[in-house]
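Okay, thanks for coming, everyone. Let me put the structure up, and then I'll talk you through some of its helices and sheets.

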Amino acid sequence: MANDDARQLLDELSSLLLLCKVQNSSDLRAIFVSLGKLEQACKSEHWEIVSDAANLYRDAVRADASERMGELIEGLAQSCEELDGQIAWAQQAHKPDPETASPPREKSPVVPSFVMGGAINVNTAHDSAGEVRSVSRATEEVENMIDFYSEAQDAIDQNERLLLDHQDGELDANSIAALFRAFHTIKGVAGFVGLTQPTKLAHSTESLLGGVRRGDMSADQVILDLLLESNERMQTLVASVRLAIEASTSVPLDERVDDLCRRIDAAVSREASPEDQPSRQPAIATSADDDAAVPQRLASRSQGSTQIRDTLKVDVGRVDSLVEMVGEMVIVESMITGDPDLRHVRSPKLANNLRQMAKITRDLQKIALQLRMVPVRGLFTRTARMVRELSRQCNKQIRFTAEGEATEMDRNMVELLADPLVHIIRNAVDHGIEDAAEREAAGKPVEGSIRISAYHESSNLVIEIADDGRGLDVDKLIARGYERGLISTGQSLSDTEAYELVFAPGFSTTDTVTAFSGRGVGMDVVRKNIKSMRGRIGIQSKPGQGTAFRLVLPLTLAIIDGTLISCGRETYILPTLSIVESIRPKQGMVRAPGGHSQILQVRGKTYPLYKLSALLEIPEAREDPQNMHAVIVESASHSFALQVDDVVAQQQVVIKGLEKQLQSKIFSGAAILSDGQIGLIINVDEVVAIANDYGHSMQGVA
Amino acid sequence: MPHAEQGAQSERASKLAQPGKYLLFQLAGETYGFPILQVREIISLESITRVPRTSQCVLGVINLRGKVIPVMDLRTRFELERIPATDETVIIVLQCELSDRLLTIGAVVDDVREVTFLGAEHVSAPPAGTHLEDEFVVGIGTPQESQIIFLLDVDAIVRFDEEGVLRAAAGETSPPNITEREPHEDTNRR
């Protein structure tokens, strides 16, 4: 019931007014937004008087930050009471007809005259102001900007999900309403902080959506594209606001906004004349072709919508420190339960309590880690948009399917994964998927397919990106490898080894460089990023059938599976993911050809063998050649073997950062072991560099 | 926190010790003072995990209730002779705000004495003509005529990462160590 809505909004507004401090800009902003909602609600019920009053107040709140705010709030509070009475009156009347339900004119709310005057001033000042305002001016303004950023970003993300879900079908009334609300919010907040471009764009988009909502036009492909474009442009605008905040500069103007606004406005006005109809016909036809995909998407969407739960926004720093503290508790817990003194105590009660404590700590740790987990959906949404964009630019028809969008991953990893996915997708669209003629000739459906899926496998997150394109050409890869000197002639490579060449810096098999790929930058970045997350990447490919990338990532960056190794009296940690195997080499397996460097030969493969004791200057290492341990490690660039005294255990460890003061590139972090001691985590990517350093200094001496 | 603001300053020379409370400690027979606001706690010298290939003055890291914090040897930092730990040796845990983050770091000193208040009349600038300011001394405290306390700039002491390698460690970095050791080990192997 709209009356109830309005009363609720009024209640909200009144309590805001009661609590409001005049100097506090976020309070004022809350009032501003609340007034916006009220205006909206009343407008939809055709209560022009109330909505107009609300609008005037909004302008006044925005315009006048300090001097007359007290007076204004006073007047507003008074008006609220009156409005409340009128709505109650309307409710009593119980007439559904908006005309009769609207409050009688003579009882219109009190609007102080200065509010009216203020509103006009604002409008004129606003138009001429432009976006030259410097964000650095006042901290208060910066805070408002930051609020704008986070609110607008939320709205944009939400819009994007909605739009992409509906990209082939018609937008239903609910989605239109949701989009409308989102753009309205953006407009409101942008208006408050005085950003003209986002306000203008949101306004145009809002009128477009308004037209659709009224039924003046149908939500067809053209409109959808406009909406998508508008949302994307808004994204860049918001991003530039963020940059401006961070750099304390002024928000730059984006000249494409005006053009987009013009086109949107044109679309709104064009709808009146029907001659445009035929031009949109093909777009509709293609979307109708997509029938098969629609039920599936609808199914997945309804699944998604049931998962919407109440959420709470929490500062990431707090969550991080919570996770850290819980990690500590887990360690202390294991110190207590493993305490030798306590073991001697024969008490069933104690034993029971300890068990209980152990269980609760484990559960707590699990929950704490889940706090940071977010579904991969957001990442996939971005990918979907990119496929859409690229396929259009490359003139290819590509169907994008995503599976396992609800699979969760560490929030901190999402950003790190974005770049690799961009490169993989670009390659798939540009090189992987053939053009229509080629596909037809090969007897494939004209429409290409890119499938992205995510799932958990043991304690890892797996993301697969598969296309049904032409696949990797092993011969071509090898030929390029020779050309670029990556492999020596006569060297024979397995298919998997040939695929690995793709990750070499500057490697590309395409003869034509396009705007999107072919320059050979990219795939090396992919592998670097994946490695930095302590993950792995693999390729599978079948000629003519497609290529699949498989990314295996740890579930979280906070915890790794560590392998504890000992050397001398010291214990270090190697990330288990980077360990290929650990062996006890027999004597013949270790060769020392040049005197200083050693080689380990395992099943026909050779690895450089480094002594951990030498790398880390460890005293009292055992160094017993009869009884040595070697751990074969795979780093981003090399594989090598590390000679250690012993492989002690495998355990999950919570990673702690090391201070810069330690200047220790060779360690990526530290962890507290179950006995409370610190284990340093070896950064395997640096081992080779450091070993090479001392190799060079060796040569200098020799 | 007035000291937090001071931490943002990079000009050490312009920084002078302020009147206030200081934690006094001993190092090679002299008395020094840290501003109490930058002292988080004092802990006994517990097991320090060695960190290979780092500055000479860094003894390693300790587990301070779950936080891994670096510990430096203040004697080495001040280019004084290293001595074995005694019962009096303690770690003063310092906290300071560097340009972008909060740093917690331990400093090993010979002995802690007391916390004392130094009024404006007892604090003076380091005498001109000395190089005391290079030694992180930003003031002289004289609560009594016979007593002299060197007041230290914590931020400058801990900022050895940004200055590059610590001066004390210069010329004694790790590569030579390896070249010495490696052939020796190799002959052992053969």
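So, start with helices α8(A) and α10(A) in this predicted model: Leu179(A), Phe183(A) and Ile186(A) on the α8(A) side meet Leu227(A), Ser230(A), Asn231(A) and Met234(A) on the α10(A) side. "Meet" here is contact, meaning heavy atoms within 4.5 Å. Sorted by class, that contact has five nonpolar, two polar and no charged residues. For the classes, Ala, Val, Leu, Ile, Met, Phe, Trp, Tyr, Cys and Pro count as nonpolar, Asp, Glu, Lys and Arg as charged, and the others, Gly among them, as polar.

How do α8(A) and α10(A) pack? Helix α8 (residues 173-193) and helix α10 (residues 221-247), both of chain A, sit at an angle of about 30°, axes 13 Å apart. That makes α8(A) roughly parallel to α10(A). The cut-offs are under 35 degrees for roughly parallel, over 145 for roughly antiparallel, 65 to 115 for roughly perpendicular, and oblique for the rest. Axes are lines fitted to C-alpha atoms, for helices over the stretch in contact, and angles run from 0 to 180 degrees between N-to-C directions.

Now, α8(A) has another partner, helix α9 (residues 196-214) of chain A, at about 155° and with axes 8 Å apart. So α8(A) and α9(A) are roughly antiparallel to each other. By class, you get 10 nonpolar, six polar and three charged residues in the contact. Among the α8(A) residues in it are Phe180(A), His184(A) and Ala190(A), and the α9(A) side includes Ala202(A), Leu209(A) and Val212(A).

Further along, helix α14 (residues 316-337) and helix α16 (residues 348-371) of chain A cross at roughly 160°, their axes coming within 9 Å. These two are therefore roughly antiparallel as well. Their contact has 14 nonpolar, three polar and two charged residues.

On to the sheets. Chain A has an open sheet of five strands, in the order β2-β4-β5-β7-β6, with mixed pairing. Two strands pair if DSSP finds at least two bridges between them. At the edges stand β2 (398-403) and β6 (536-542), each with a single partner strand, so one side of each has no neighbour in the sheet. From one strand to the next, the twist averages 15°. Which residue in β7(A) is the bridge partner of Ser541(A)? That's Thr547(A). Over seven bridges, β6(A) and β7 (residues 546-554) pair in the antiparallel sense. Lying across β2 and β4 (448-457) is helix α17 (residues 377-394) of chain A, at about 175° to β2(A).

Chain B has an open five-stranded sheet too, ordered β3-β6-β7-β5-β4, with mixed pairing. Its edge strands are β3 (39-44) and β4 (58-64), and the twist averages 30°. Six bridges join β4(B) to the antiparallel β5 (residues 67-73), where Lys67(B) stands opposite Leu64(B).

A word on confidence: pLDDT, the predictor's confidence in each residue from 0 to 100, averages 74 in chain A, with 72% of residues at 70 or more. Over residues 94-137 of chain A, pLDDT stays under 50, and likewise over residues 272-308.

Last, some bookkeeping. Residues are numbered from 1 along each chain as its sequence is written, with chains lettered from A and ligands numbered from 1 in the order written. Local features need pLDDT of at least 70 and side-chain atom pairs count only at 80 or more, while totals for chains, interfaces and linings use all residues, and side-chain values use heavy atoms, leaving out hydrogens and water.

Notes: Helices (H or I, at least four residues) and strands (E, at least two) are DSSP runs, numbered from the N terminus.
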